[in-house]
Amino acid sequence: MAKVLKYTVVPRLPGRLEKLLPIANNLWWTWDHEAIDLFHRIDPDLWTTSLQNPRRMLGEMGQVRLDELAKDDSFLAHLDRVSTRLESYMGTNQWRQRNPEAPADFGVAYFSAEYGLHESVRIYSGGLGVLAGDHLKAASDLGIPLVGIGLLYRGGYFQQYLNADGWQQETYPQNDFYNIAIEWARDAAGNPIVIEVEYPHRRVKARVWKCQVGRVPLYLLDCDHEDNTLEDRAITAQLYGGDRETRIRQEILLGMGGIIALQALDIHPTTFHMNEGHSAFMVLQRIRDLVQRDGLTFDQSIETVKAGSFFTTHTPVPAGNDMFDGGVIGHYFKKYCDDVKISVDHLLALGRQDPSDQREPFCMTVLALKLSAGANGVSKLHGEVARNMWSHTWRDIPENEIPIFSVTNGIHIRSFISRDLSDLYDRYLGPGWINRPDDQSIWERADDIPDTEIWRTHERRRERLVDFARRRLYQQYNNRGMGSAELRSCLEVLDPGTLTIGFARRFATYKRATLILQNIERFRKILLDPDRPVQFIVAGKAHPQDTAGKQYIRDLYHFARDPKMRNNFIFVEDYDINVARYMVQGVDCWLNTPRRPMEASGTSGMKAAANGALNISIPDGWWCEAEGLGVNGWSIGKGERYDTTEEQDKVESEALYEILEREVVPIFYDRGRDDLPRHWIERMKTSIRTICPIFNTYRMVQEYAERFYIPCSKRRNDLMQTKRARALTLAGWKSRVRQAWPQVHFKKVQSGGTEGLPVGSKLPVTAEVFLGPLTNSDVTVEVYYGDLDPQGQIPFGRAMELDFQDKSTDSVFTFEGAIPCDRTGELGFTFRVIPNHPDLAEKHELALIAWA
């Protein structure tokens, strides 16, 4: 084949329109309605066909139209307003003034395998990516000094279409990097940055691209470099594509390559946040840098690296956590282990809950948990699930004390609400809903919005959703070669005045998309009620290898193709952020039916609620926290446990039908003489008032900063002082404690009388502990007491530290205390000893404990 030379072409804009480019090149425009309107008015049809991508639209715009706009005073005034807004946004940052406790060098690097920023930047698959995108947007709004690290996929995630039988098909259109809002990252001399990442027997090159998300830069790595082999160029071919070999290569690039890219960019964060376990290899690269550059040992390096690392787990399903066979890790990390002077078994132990189990695979989540100063689940319930799921990593430690905390997810509200609702919020809530969306007092003003205005606004948005759904259905049928009669019928489906319920998400089986079809006849009757009809709009993708999820889609497709149902139930293909926006803005209710407790958080219902929709949900994930805040939706059951999944599906589907028949439908159609559903509107306002101030990423990211980013940065800086003296001391102490711990045991425990103790008294206790070469300053001895379960154990006890009294000559130390008798009944107590050091991140960091 002939050698092909490359060249690039960029839009040529008249001088007066040059301000369009910096706006188009900063994804800030995606959450600024004035900027969106600016691009839309350039050419509404081209705006739609370009997938609302201003870079692509400007490149395809005819010169005649550009010249017209350059002479249009109204358009130029609009352009100047938006340009000034962007300049003001970028030039104003009050975060450090509001957070003076943050260290002077404070900075965060946020790692994620996917980012859902906008439908024109196709490097996301679902909720994890959209959350990551919202995290960056909120960090930008807050002004936090944060950078994102990810991968730039040539094929992105697949696009979906259904064949004539309703079976999902996948295509992988190639991303055109030169027509989306990214550019090469360059060094101080202006040269494009290319890094090299070590793989077995070779080094792989990766370009570094930059995507500006408001004030936050997102750096993306791309292996499609001409110096790489075809096999290596395919590392970033697809998001979640390929086999296990592809997956580990991608995760090496994301984690280890991400650290190399930060060094090439001369960016030096104080905290590194891993959004899921995909990027956990980043801790290994930072350790290698310390070993090779500063001459530290592997264990010494861990203390510095761990202090500045934080991890968020999103997956309550074991299969969702990446695991690799020990042989695969040995193949890819043998040279790494030689570099840092450890054995492969030593490395494998860091990725196993039970380090001694040679059969256990290497788990990225376990690696991240063991080498982070803190970790969290993404809702309160998920925090509980995660503590149970990973409890073997902290063997013998009470589950409620396992150091996996919770920060409930949120959404970037401005990215998902409609322009007309945004204007309504401006009028009645004031500008605070934009600048301080976590302020409860601002959202209390939702009650001041006149019923007529909020309802008419919502009706317009439902009309837009119906129009959008009809056009998409027409396109779907046309692509399948349907006849003209079928195509005409697409433009008549749905009714803009009918109660509209939305269901859209990944079609993982645990999300139970077909729960609504458990009793088809009863469901049909609900939909086709002649006086009070209901209509459903459904969308979602199954993973290409998930046959069961594809079958769910096929079942729904066949139900929608029933001639009796086609006007009341449709499936919208190729679910993406654009489809999601139309749906959450236009539906009356949002349905969520996961199998509890498998929904870590869920955020689509938050987006619907911000638009005034009411949730109908299984009490799982975030909804467990929202359902008790007011009359803001309906819960399907109370989170009961069932003997079989069949029984659960039957009971919960019947509960769903009951809610629709007795609650949702009657309230929606209960109209006054002015045709307003007053009770429904009251619930809409309650939904907005109770959910928006809590379930937003402004609150979420600030919570991460206050609880984790800033404390991690402070502790990391403390450990690094005086040539890392405290980190080296801590590493030596941990080594000494681990070696001595098998010797630690209780010699004798005793207490005062245990019968008939009056409330308010105290029960004195004493424990004698053999510590071997350790001393009392190396440990904390506690009495652990509380209610007994039927097996005579204490499932959720309270711990109280005992005071050191004296030491005998044979390494036996005596500790004393008194249990407060502050409640009646039969209770129990025991004793335990755990390692203690002032520089530990938290008390169970070593996962060591000895019980009496």
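Two strands are taken to pair if DSSP finds at least two bridges between them, strands (E, at least two residues) and helices (H or I, at least four residues) being DSSP runs numbered from the N terminus. The structure is a predicted model, in which local features need pLDDT of at least 70 and side-chain atom pairs count only at pLDDT 80 or more, whereas totals for chains, interfaces and linings use all residues. Residues are numbered from 1 along each chain as its sequence is written, and side-chain values use heavy atoms, with hydrogens and water left out.

Strand 27 (residues 827–835) runs antiparallel to strand 28 and is joined to it by two bridges. Opposite Arg 832 stands Trp 851 of strand 28.

A second open sheet is built from six strands in the order 17-16-15-18-19-20, and its pairing is parallel. Strand 17 (569–572) and strand 20 (633–635) are the edge strands, pairing on one side only. On average, neighbouring strands of this sheet are turned by 20° against each other, direction ignored. Such angles are taken between axes fitted as lines to C-alpha atoms, for helices over the stretch in contact, and run from 0 to 180 degrees between N-to-C directions. Helix 22 (residues 520–527) packs on the sheet, where it touches strand 16 (534–539) and strand 17, and its direction makes about 115° with that of strand 16; contact here means heavy atoms within 4.5 Å.

Within the parallel sheet, strand 18 pairs with strand 15 over two bridges and is joined to strand 19 by four bridges. Cys 589 of strand 18 stands opposite Ile 501, and its bridge partner in strand 19 is Leu 614. Strand 19 (residues 614–617) in turn pairs with strand 20 in the parallel sense over three bridges, with Asn 615 opposite Gly 633. In a regular strand the side chains alternate between the two faces of the sheet. Both faces of strand 18 are covered, with Cys 589 and Leu 591 buried on one side and Trp 590 and Asn 592 buried on the other. Buried denotes under 20% relative accessible area, exposed over 50%, and partly exposed the range in between (1.4 Å probe, protein chains only). In the loop between strand 18 and helix 25 (604–610) lies Pro 597; the peptide bond from Arg 596 to Pro 597 is cis, with omega near 5°.

Helix 28 lies across strand 15 (499–504), strand 18 (589–592), strand 19 and strand 20, and runs at about 85° to strand 19. Helix 28 (residues 678–691) has 14 residues and reaches 20 Å from its first C-alpha to its last, close to the 20 Å expected at 1.5 Å a residue; the expected span is 1.5 Å times one less than the number of residues. Eleven of the 14 residues are buried, so helix 28 is largely enclosed by the rest of the structure. Among the buried residues are Trp 680, Ile 681, Met 684, Ile 688 and Ile 691, together with Arg 683, Lys 685 and Arg 689.

The axes of helix 10 (residues 244–264) and helix 11 (residues 281–294) come within 8 Å and cross at roughly 45°. Helix 10 is therefore oblique to helix 11, since angles under 35 degrees count as roughly parallel, over 145 as roughly antiparallel, 65 to 115 as roughly perpendicular and the rest as oblique. The crossing is right-handed, the near helix being turned clockwise from the far one by less than a right angle. Helix 10 contributes residues including Ile 248, Ile 252, Gly 255 and Ile 259 to the contact, and helix 11 contributes residues including Phe 281, Leu 284 and Arg 288.

Positive phi values occur in residues other than glycine. Tyr 240, in the loop between helix 9 (230–233) and helix 10, has a phi of about 55° and is buried, with a relative accessible area of 16%. Arg 724, in helix 29 (residues 697–740), has a phi near 60° and counts as buried at 14% relative accessibility.

Arg 395 lies in the loop between helix 16 (380–389) and strand 14 (405–406) and is partly exposed at 42% relative accessibility. Leaving aside neighbours within four places in sequence, Arg 395 is in contact with Asp 354 and Ile 849.
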